Amino acid sequence: MLFSGSTEHTIDGKLRLAIPAKYRNQWDPVRDGDAWFCIPWPSGHLRLFTEGLFKAAGQTEEGKPSLAPGEDEAGLESTLYGFAERLEMDANGRIAIPKTHLQMTGVGNEVVIVGARTRLEVHDRAKWNASIQERFLKLPDLVAKIHEKDRKN
């Protein structure tokens, strides 16, 4: 699934967020699963992955998890998977965002949902809007940086 564009939304008093129809309409339960996985990200937003992608991305190259991962991998797994929460959509396409995730990231009730290729990102609306021009101006530098990194690999 390819997520693009952005849309403004509100997290309601019960901490529910409606996944925009333009993203839900692409949903395929066989490919995408029955839920979203939400990870608070240190740069101050939430990352939402379909269940299907989250499970597939967590596979090792051999397709099997290791019982004895290295220290770095074990630390990453306990932190990343420890913070990740599985969120099922209700009949109205809403998910309940964990309060701790909102507190950790500083995301308020007024949000922008951003399509970021294989995931959705939930940003605090005021912070997102304040960063739009800077993000736009940094775009050529980011592209060049990624191309340079790819060229070296």
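The model is predicted, so local features need pLDDT of at least 70 and side-chain atom pairs count only at pLDDT 80 or more, while totals for chains, interfaces and linings use all residues. Residues are numbered from 1 along each chain as its sequence is written, and side-chain values use heavy atoms, with hydrogens and water left out.

Let's begin with the rings. A pair of aromatic rings is described by the distance of the centres and the angle of the planes. Here, rings of Phe, Tyr and Trp (its six-membered ring) pair if their centres lie within 6.5 Å; planes under 30 degrees apart are stacked, over 60 edge-to-face, and the rest tilted. The structure holds six such pairs. In one of them, Phe3 and Trp36 are tilted, at 5.9 Å centre to centre with 40 degrees between the planes. This pair links distant parts of the chain, 33 residues apart: Phe3 sits in the segment before β1 (6–10), and Trp36 in strand β3 (residues 35–41). Strands (E, at least two residues) and helices (H or I, at least four) are DSSP runs, numbered from the N terminus. Trp36 is buried, with a relative accessible area of 0%; buried means under 20%, using a 1.4 Å probe and protein chains only.

Phe37 and Phe54 have ring centres 4.1 Å apart and planes at 5 degrees, so they are stacked. Both are buried.

Finally, look at His101 in helix α5 (residues 99–105). At 2% relative accessibility, His101 counts as buried. Its contacts (heavy atoms within 4.5 Å) include Cys38 and Phe83, not counting residues up to four places away in sequence.

Methods: Buried < 20%, exposed > 50% of the residue type's maximum accessible area, 1.4 Å probe, protein only.
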